[in-house]
Each structure stands twice: as C-alpha cells, then as structure tokens.
Amino acid sequence: MDIYENGSRPTRKARSDWFTGTVWQDPVIEAPAPARVRALRVGFEPGARTAWHTHPLGQTLYVLSGTGLVGLREAAPRVIRAGDTVWIPPGEEHWHGAGPETGMVHLAIQEAEDGQVANWLEKVSDADYLTPPQATPNRP
C-alpha cells in the first residue's frame with residue numbers, strides 16, 4: 001500500500017499544446033501495472049479548456065466545483081456542474097473545460113492502454129467553444 005500525503009506531489013500547469021488558457025493539474029493516482037487507472041484533479045480558469053482528444057478506454061469526469069462545458073464533434077456543447085458525472089466512451093472525440101466566465105474543477109479518471117491514456121488532436125476553436133450550449137432536460 002502507498003499513501004501519498006497531501007502536498008507531497010506538486011500541482012503542475014497543464015501543457016499549452018493540449019490546453020487553451022490556464023489549467024492546473026494535481027495527480028490523484030497513476031496505479032502501477034497490472035492496474036491501468038489514472039486520475040487527475042483538473043482546475044480550469046474561466047475560458048480554459050482541453051484540446052480535442054480521445055481516450056482508448058474511455059473517460060469519466062466528475063465535476064467537483066463550478067460550471068463548465070463538454071463538447072462533441074458536430075454538436076453544441078453541454079453544460080456540466082458540480083456533482084455531475086460524465087462518461088465519454090472509448091474513441092469519442094471531445095473536449096471539456098470551464099465556462100467563458102466561470103471556473104470549473106473536475107476529477108478526470110481514465111485507464112491506460114499500452115501506457116497511453118489520451119490521443120491529443122487540434123485545439124478547440126473559439127467558434128466551437130462559444131457555440132451556445134444545448135439544453136439539458138430537467139435542468140434550468
């Protein structure tokens with residue numbers, strides 16, 4: 001068993017080639033083989049977002065605080081809020097991040113396949129990011 005004490009692993013600024021805006025990452029777990037789970041706490045400042053990407057084995061997002069957006073190809077983004085859980089199937093091109101005027105923090109959980117957890121693509125355009133979000137049923 002390993003215990004990683006709070007503050008023993010530094011917060012790092014996310015790579016600018018995979019993110020737009022200011023994004024902070026805190027490692028949660030990168031389990032040793034044969035386990036494949038990887039998890040990060042990711043904090044997005046307003047307007048910050050990932051680039052388009054996929055995950056070979058899918059991804060789960062759990063929103064810890066704030067309000068953000070998640071988008072798929074050829075679709076308006078969806079609003080996500082604290083307490084929401086999002087499942088993104090393997091290979092689905094998507095992005096996620098904060099709202100234009102609100103920060104958002106989520107837990108990102110994914111599994112590695114042959115050591116790889118994500119396939120990074122091009123950055124999300126401002127036009128895609130600023131597309132009005134589609135309505136979510138049963139939500140104001």
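In the predicted model, Met 104 is in contact (heavy atoms within 4.5 Å) with Val 42, Gly 43, Phe 44, Val 63, Ser 65, Gly 66, Thr 67, Gly 68, Ile 80, Gly 97 and Ala 98, leaving aside residues up to four places away in sequence. Met 104 is also, with Val 23, Val 42, Phe 44 and Ile 80, among the residues that touch the most other members of the largest nonpolar core, which has 16 residues. A nonpolar core is here a set of buried Ala, Val, Leu, Ile, Met, Phe, Trp, Tyr and Cys residues joined through side-chain atoms within 4.5 Å; buried means under 20% relative accessible area, exposed over 50% and partly exposed in between, with a 1.4 Å probe and protein chains only. Strands β4 (37-44), β7, β9 and β11 (104-111) each contribute at least two residues to this core. Another core, of five residues, lies apart from it and includes Trp 52, Trp 95, Val 124 and Tyr 129.

Residues are numbered from 1 along each chain as its sequence is written. Local features need pLDDT of at least 70 and side-chain atom pairs count only at pLDDT 80 or more, while totals for chains, interfaces and linings use all residues; side-chain values use heavy atoms, without hydrogens and water.

Strands β7 (residues 59-72) and β9 run antiparallel and are joined by four bridges, where pairing requires at least two DSSP bridges. Trp 87 of β9 is the bridge partner of Thr 60.

The loop between β8 (78-81) and β9 holds Asp 84, which is buried at a relative accessible area of 17%. A polar atom of the Asp 84 side chain lies 2.8 Å from the backbone nitrogen of Arg 81. The C-alpha atoms of Asp 84 and Val 63 are 5.5 Å apart, although 21 residues separate them along the chain.

Overall, the chain has one helix and twelve strands, taken as DSSP runs (H or I, at least four residues; E, at least two) numbered from the N terminus. Buried residues account for 35% of its 140 residues. Of the contacts between residues at least 6 apart in sequence, 70% join residues at least 24 apart. The C-alpha atoms fill a box of roughly 45 × 30 × 30 Å along the principal axes.

Conventions: A polar contact is a pair of N or O atoms within 3.5 Å; within protein, one must be able to donate a hydrogen and the other to accept it, and residues adjacent in sequence count only if both atoms are side-chain atoms.
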